[in-house]
Amino acid sequence: MELDMQPFAEPVESKYRPEDHKNGHYSIVGSSILRPNSEYRVGVTTFDLKEAIAFRVSIKNGANVIKSKELTLNNNESRNVTLEIGSIPKSESYELVAEGLSGIIFTERAALKFDDKQCSMLIQMDKAWYKPGDTVYFRVLVLDRGFKPFSPASANGMTVFIRDGQGNRVKQWSNVALSECGVFEADLQLSTEPIIGNWSLNVKVAEEEQVKNFLVERYVLPTYSVKVEAPGFVFLSDEFLKLVVTAKYTFGKPVVGELTLSVQPSQEWCGWHESNNVPVHKQTVPIDGKTIVEFNLKELLKEDFYFREVSISAEVKETLTGRTMRDSTKVKLHEKRFNVNLEEESSYFPGLPYHAWIKITNVDGSPVQDTSNPVQVTIHNRNIDLWKDTLTLDSNGMAKLNVNLDELKFSYLTVHVTYLGERYEPGGISKPSESVKAKMRVRSKEKVFTLGNEMQFEVTSTHPLKHVSYTLLARGELVASGAIEGADNKIVPINVPSTSKMLPRAKLLLHYITTEGYIVTSQTKVAFDNVYENNVKLTLSQDEAKPGEAVDLTVQTQKDSFVGLLGVDLSVVLLKSGFDLSRDKATEEWQRYESAPSAPYRWVEHNVRDAEVPTIKTVLF
């Protein structure tokens, strides 16, 4: 899923009146999420003041004041206000209230979303499918908002229970005691005649609930697996579709049997809903561990309907037992051999540097390695050629556009690329609306940062910069704020220390307000090369071993860490997956703190419009 912090309140807009801006401006920025037992931070900044402003910043629930602080700011000053929020009840009436007590008199309110999510639960089981008489092993990791072990005291009253296929609660662990590392482990011995069906492991702690489903049913473990592999990409001009099928036992030996391969147009493409109407091309051949089968692509394409994807299914019948295993895949058919895109560092704005490249990739996304054939690029405006050049690709399949757009007159430009005799239209370049009077752009010096190091950014503006406010948001909280002095330069650096509060990812927002009361904004995402401060390394003494032979495991991690190990037979994974933990699953759970449960979980572009909104007041993100 792509991720930016979501604004839940728009800047207050008003009809432009010069007298509203003669005394200067202010901005108040905070998170739209309010959490109990946390610190709620607000960034307050002033711009071009004639006299100091006395502010009062409060969290209210109706008429009840939860927390409040007063502060006085002089001209071009920024301060971070921290409100200590204790145990507060759930309510839909919480507001951030900002008041000007002197200097500029005002009252602004913005609704807050209550979020009492205190922890995350990650569940790991030893498999996803159990048969009667098996033992169900599981462990539960309970982590706080910082993804540190949840306090055992906070988990007091934690309950874990298992329901059978009919919803009966068959086992319960009450008032569970977490270890210092926030882990609970237990098991359940299934009877020889259990209720067959979908069972569930349920965990409840600190008003949070997590459910993990698993299957209880008789089964026979697969002794071998089948894998059908198709080319990474297939083109309509190709003569054959070559498929590789592998069948091997879980201990690595080849399977001898009979292979039946079926190829047919995908129903999603051909538009038919009845599978009997879709033509199927089949081949049956012997297999001894691995074989290659070719289908005539021209025969497939003779069908009198449009399709650009084929479905492939492989069925291997083992000679020894007659047992059958299957696998399937899909292959897309491509008309052109390359993808050509216009890669912009950022959108064009007059007066700001414009950096763009033509990027040519193979259909699998890999860059084209070609430093000899020319890439011809033409930029048009209403079929009139305004710029032409012949470029050469670098080792990343990219060629930089050395064009000065400020010298061209246009409202919209079309880019055409010719490569190896094929013509492509990778995109266009738009000129911004004339209503946008100014633009500011921020770019990071590195694509990813290392935690603990200072993060360096560069801010570029179409107008001289005087006082620029910045805010860093992560996990639905304002984690840092401040301001930089531009000294009337159009390019200024900004350096911000990185802290663990910014994990797993953050967003930097910048803004300033002109003397006329227009807000100019910019933003960039902040990514880290390693979001987990504690890493683990596992090595084996040998990659292959005979039955009964000992294998030594070596684990390297930080001192006093809890290390959970899980070893399963490959046949268990082949039977049914989804029972284990992964780094991606954990990170996805961590990112859920970026929004309140009642809000849609998404990360969209910040939509405060540059230099269009007069008199910014209170803005929530």
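Biologist: Which relative accessible areas count as buried, partly exposed and exposed?
Modeller: A residue under 20% relative accessible area is buried and one over 50% is exposed. What lies in between is called partly exposed. The structure here is a predicted model.

Biologist: Is E315 buried, partly exposed or exposed?
Modeller: The relative accessible area of E315 is 30%. That value falls between the cut-offs of 20% and 50%, so E315 is partly exposed.

Biologist: With which side chain does E315 meet in a salt bridge, and where in the chain is that partner?
Modeller: The N to O distance of the pair is 2.9 Å. E315 sits in strand β24 (residues 309–318), and the partner in strand β25 (residues 324–334), 11 residues apart. The side chain in question is R326.

Biologist: How many residues apart in sequence are the parts that K117 and E208 tie together?
Modeller: K117 and E208 form a salt bridge, with their closest N and O atoms 3.7 Å apart. K117 belongs to the loop between β9 (113–114) and β10 (119–125), whereas E208 is in strand β17 (residues 208–216). Both K117 and E208 are buried. The parts they tie together are separated in sequence by 91 residues.

Biologist: What is the N to O distance between K336 and E422?
Modeller: K336 is in the loop between β25 and β26 (338–344) and E422 in strand β32 (residues 422–430), so their pair ties together parts 86 residues apart in sequence. K336 is partly exposed at 33% relative accessible area, and E422 is partly exposed at 37%. Their side chains meet in a salt bridge with an N to O distance of 3.9 Å.

Biologist: How many salt bridges does a search of the whole structure find?
Modeller: Side chains of opposite charge can pair when their charged atoms come close. In this model, one network of salt bridges links R35, E39, R41, D115 and E477. For the whole structure, the search gives 26.

Biologist: What is the bridge partner of V160 in β14?
Modeller: Strand β13 (residues 159–163) runs antiparallel to β14, and 4 bridges join them. In β14, the partner of V160 is W173.

Conventions:
Residues are numbered from 1 along each chain as its sequence is written. This is a predicted model: local features need pLDDT of at least 70, side-chain atom pairs count only at pLDDT 80 or more; totals for chains, interfaces and linings use all residues. Side-chain values use heavy atoms; hydrogens and water are left out. A salt bridge is a side-chain nitrogen of Lys or Arg within 4 Å of a carboxyl oxygen of Asp or Glu. Helices (H or I, at least four residues) and strands (E, at least two) are DSSP runs, numbered from the N terminus. Buried means under 20% relative accessible area, exposed over 50%, partly exposed in between (1.4 Å probe, protein chains only). Two strands pair if DSSP finds at least two bridges between them.
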